[in-house]
Amino acid sequence: MIDAAPAAELGGSATRAPSALRLAVPVTVAVVFLLGATLLGVLVGPVNLGVEDILTEVASHIPLLGIHSHMTAEDSAIFWQLRVPRVVLGLLVGGMLALAGASYQGVFRNPLADPYLLGIAAGAGLGTTLAVVYGGGAINSYDLIPLAAFGGGAVAVAATYVLGSTAAGTAGRSTATLILAGVTVTSFLTAIQTFVQQQHTDSLQEVYSWILGCLDTAGWHDIALLVPYVAVSTVGLLLHRRTLDVLSVGDEEAASLGVNVARTRLVIVFLATA
């Protein structure tokens, strides 16, 4: 006869093993894809840099390995000053969009919520357009465009939430209504942005370059400009990861567990918008 305690332990281990395996497979695939995309990003360009040369160049900067790079000074400058910043910036932007989307999905309890459907991207684009068109050299010289984009995104998500709550009645938490409100706000803000751009066609290239990420001209300065937003948002959202789990069961249940739902939702939305 099998003892009940060991049997239960074996059963728990058997349950944890498939669960760990299900988690390990997508994580491994994601890491492999990330490494492959990173390598492809630093390889693509008019100047041919071989895989072996790149790996040797990177290894030469690791202490105690004693590896010497054979890359020329020009190729090294292309690699470190042009391609690496472009790839790093792309990784940061993609990672932050994913983190923001997951946070919006948790706080609004809607798997469709993301920065584009909720109007945040459109609001950021409008804020940037207004800063470029009407801000003049002062805005660009002090790198205040990200602040203008944040302001536009914050106004957009606030408008989406207020419109969605009003249309949903007293409950104010209909996920379908929230998404429809986001689509409405996105269309409205995009229309305003298009109108401003048509009135100032000379700014089209600069605006669309920013909207597309400015990755072709990205440098370490752009990454340094982004780091404060990344650091504050990432740390803040990770600190609220358990609270997001609690919010997913419903506002009343979260409130009964001692969560200040309104304040917590405002903080998470603020961090995700940033």
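In which helix does Ser 103 lie? Ser 103 lies in helix H3, where a helix is a DSSP run of H or I with at least four residues, while a strand is a run of E with at least two, and both are numbered from the N terminus. The model is predicted, so that local features need pLDDT of at least 70 and side-chain atom pairs count only at pLDDT 80 or more, whereas totals for chains, interfaces and linings use all residues. Residues are numbered from 1 along each chain as its sequence is written, and side-chain values use heavy atoms, with hydrogens and water left out.

Ser 103 has a relative accessibility of 2% and therefore counts as buried, a word that stands for under 20% relative accessible area, with exposed meaning over 50% and partly exposed what lies in between, using a 1.4 Å probe and protein chains only. If residues up to four places away in sequence are not counted, Ser 103 touches Leu 237, Leu 244, Ile 268 and Ala 272, and such a contact means heavy atoms within 4.5 Å.

We can now turn to the aromatic rings. A pair of aromatic rings is described by the distance of the centres and the angle of the planes. Rings of Phe, Tyr and Trp (for Trp, its six-membered ring) pair if their centres lie within 6.5 Å, and the pair is called stacked when the planes are under 30 degrees apart, edge-to-face when they are over 60, and tilted for the rest. A search of the whole structure finds four aromatic pairs. One of them is the stacked pair of Tyr 104 and Phe 108, with 6.3 Å from centre to centre and 10 degrees between the planes. Because these two residues, Tyr 104 and Phe 108, are four residues apart in helix H3 (residues 73–108), about one helical turn separates them.

Phe 108 also forms a tilted pair with Tyr 161, at 5.8 Å centre to centre and 35 degrees between the planes. Since Phe 108 lies in helix H3 and Tyr 161 in helix H5 (residues 145–167), this pair ties together parts that are 53 residues apart in sequence. Phe 108 is buried, with a relative accessible area of 8%, whereas Tyr 161, at 31%, is partly exposed. Through these ring pairs, Tyr 104, Phe 108 and Tyr 161 are linked into a cluster.

Finally, Val 246 is found in helix H9 (residues 241–247), and its relative accessibility of 23% makes Val 246 partly exposed. The C-alpha atoms of Val 246 and Val 107 are separated by 9.6 Å, although the two residues are 139 residues apart along the chain.
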